[in-house]
Amino acid sequence: MMPALVILVFVGLVPFVYVLYVGYFDWNIFSKVHGMSWAGLNNYRKLVFDSAFNASLRRTILFTVLTVSIEMVLGILIANLLMIKIRGINFFRAIHSIPLTVAPIALGAAWRLMTLPGMGPLPYYLQKMGLDFNIGRYAQQAFFTTVIMDVWHWTPFITLTFLAGLSSLPKSPFESAMVDGAKGWQIQFYITLPMLKPVILTILFLRIMDALRIVDEVWMLTGGGPGTATRYIGIHIWRVVFPKTDYGYGSAMSVIILYFTIVLCWFLIIIVTQSRKGVDR
Amino acid sequence: MRSWITGKEEKRFFIYLIWIFLSIYTLFPIYWLFLVSARTRIELFGHPTFFQTTFHIENFTRPLLNGIYGSYIFNSFIIATGNTILVIICAIFAAYALSRYRFKGANNIFFWTITNRMAPPAAFMFPLFLLYSRVLVVGDIRLFDTHIGLILVYCLFNLPFSIWLLKGIVDGIPISIDESARIDGASTLDIIWRIIVPLSAPGIAVALILSWIFAWNEYLFAATLTSSNARTITTGLAEFVTIIGTNWGEMAAMALVSVIPPLLFLGFVQKYIVAGMTFGAVRE
């Protein structure tokens, strides 16, 4: 246990305490005072009224809600499709799980190459259909492209997890339901989904946390642009703090985000463990 | 159920159709990377085509052999491998301790490590950058832009993941085996090395491979905590996009190169990837 704890304390706890500490200081290499000067809660006060920060927080939440709900629906549909036994299903399944190992940054590069005006196939064919597609210019298109990209990347995760849950279910409730003459969708809604509640909650938990953290793909695809259309919270910290070297303010931002994460994490873990107690054990 | 698909054959045909469509949709971005990497600058623009007969190998050779990308890949490889080894050794001990001993605060430790894994890297990257480049400096020695620095940072997300994956597996090994070994005079180290490790070998392999993939794919920490010596391939990819213009062909080629190693590993872990990515919460 000790070596693991030492490393985790070094990379996890020390930065956390340090960021708490720096958050109370004014530390900006462009300011009059060289080095750190005590600022009390000023950084946090500034943060509450920072409209760019709040907008980016709202944008991240909207992005998370959209991607996770689309991925859940698609993932569950595809998992059901994978349950139908046909020849070569394992081959299709292997192909379907490829996105899981692709580096987010390489994925961003691939999508950038596909959406590049004058070169990529997407703008070319959408233009022919009468849609001027340019994610460097239109904010909404850029936003929805990042949503679609995330759906491409993470739907397989939900599919495979859900599939694992499906194949671990006992057969008997389904057989008796069939005998009672239940229809396919009835079985799905009244037996399968309730039985898989712990699995679904686990997936939801992991996906929400991951979607909130998104940086790499979007950074590569749009760089947070056009304007601030795809500047999610991670990108916001990166773009605002590092060029301005406003260390104190950046620390305050990090603290707030860590705080949100911890609360959300705690809340979700409680839900997951509760449902697990009810169904599993 | 009323359905416009009547026969069994037609239904099967329909399912195959969906699958072929889904597979094309899944593979297309990667196929497009391949197409772009095979083309010269002139071939890239204008009417997009989906087939390629010529192969512009310079897109690969120029950045890899003449440029700096060979060393980026080398760095990525060193960092991912080093991190994986460190993570697995620590994780085995931690998993054993958490599984076999009851101590105060075990649940809090669990919660804390999970939070580390879940926290946005953006929130950690900033304090770590300050620590690495300004605070923890002894003379000329600092962790900024070193391999060891990144190896340590990647423990932040790989270690919790491996601990909880392995803990689930060690929990499944009956404690009576430990006890009988202890009666025979084995020390704790002996038990871990001779009993726990061999029995949980498949789980260790999965944790190894997935940790390696995560470390290889990581971008944000690598971008902020390195400048030249320890740059990884993912940061190299982002460097292609410059103000003066981007060499898209070479970028695609390097992206393709960075995608290949994890893809090779996928074959080994495909069966376990679900258990791995859900911390062992969902199993097949």
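How many residues of domain 1 of chain B are in contact with residues of domain 2 of chain B? Ten residues of domain 1 of chain B are in contact with eight residues of domain 2 of chain B. Two residues are in contact if their C-beta atoms, placed from the backbone, lie within 7 Å.

## About the model

This is a predicted model, in which local features need pLDDT of at least 70, side-chain atom pairs count only at pLDDT 80 or more, and totals for chains, interfaces and linings use all residues. Residues are numbered from 1 along each chain as its sequence is written, while chains are lettered from A and ligands numbered from 1 in the order in which they are written.

## The two domains of chain B

The domain assignment divides chain B into domain 1 (1–56) and domain 2 (59–277). Domain bounds come from an automatic or database domain assignment. Between the C-alpha centres of domain 1 of chain B and domain 2 of chain B there are 34 Å.

On the side of domain 1 of chain B that touches domain 2 of chain B, the elements giving two or more residues are α1 and α2 (41–44) of chain B. Of that side, α1(B) gives the most, with five residues. Helices (H or I, at least four residues) and strands (E, at least two) are DSSP runs, numbered from the N terminus. By class, this side of domain 1 of chain B has five nonpolar, three polar and two charged residues. Here Ala, Val, Leu, Ile, Met, Phe, Trp, Tyr, Cys and Pro count as nonpolar, Asp, Glu, Lys and Arg as charged, and the others, Gly among them, as polar.

## Two helix pairs in chain B

Two packed helices are described by the angle between their axes and the distance between the axes. Axes are lines fitted to C-alpha atoms, for helices over the stretch in contact, and angles run from 0 to 180 degrees between N-to-C directions. In chain B, the axes of helix α1 (residues 8–37) and helix α13 (residues 248–269) come within 7 Å and cross at roughly 130°. α1(B) and α13(B) are therefore oblique to each other. Angles under 35 degrees count as roughly parallel, over 145 as roughly antiparallel, 65 to 115 as roughly perpendicular and the rest as oblique. The crossing of α1(B) and α13(B) is left-handed; that is, the near helix is turned anticlockwise from the far one by less than a right angle, whereas clockwise would be right-handed. On the α1(B) side the contact is made by B:Ile30, B:Leu33, B:Phe34, B:Val36 and B:Ser37. The residues from α13(B) include B:Trp248, B:Gly249 and B:Ala252. The contact of α1(B) with α13(B) has ten nonpolar, two polar and no charged residues.

In the other pair, helix α4 (residues 69–100) of chain B and helix α7 (residues 147–172) of chain B have axes that come within 6 Å and cross at roughly 40°. That angle makes α4(B) oblique to α7(B). α4(B) passes α7(B) in a right-handed crossing. The residues of this contact divide into 20 nonpolar, seven polar and two charged.

## A loop residue in chain B

B:Asp145 lies in the loop between β2 (141–142) and α7 of chain B. Most residues other than glycine have a negative phi. B:Asp145 has a positive phi of about 65° although it is not a glycine. B:Asp145 is partly exposed, with 16 other C-beta atoms within 10 Å. A residue is buried if 20 or more other C-beta atoms lie within 10 Å of its own, exposed if 12 or fewer, and partly exposed in between, with C-beta atoms placed from the backbone.

## Chain A and its side facing chain B

Chain A has 13 helices and two strands. Of the 281 residues in chain A, 42% are buried. Among the contacts in chain A with a separation of 6 or more, 72% are between residues 24 or more positions apart.

Where chain A meets chain B, 74 residues of chain A are in contact with 73 residues of chain B. Helix α1 (residues 2–22) of chain A supplies the largest share of the chain A side, twelve residues. That side of chain A has 54 nonpolar, 17 polar and three charged residues.

## Two residues in chain A

A:Ile78 is in helix α3 (residues 51–83) of chain A. A:Ile78 is buried, with 23 other C-beta atoms within 10 Å. Leaving aside neighbours within four places in sequence, A:Ile78 is in contact with A:Thr155 and A:Thr159.

A:Leu122 is found in helix α6 (residues 121–128) of chain A. A:Leu122 is partly exposed, with 19 other C-beta atoms within 10 Å.
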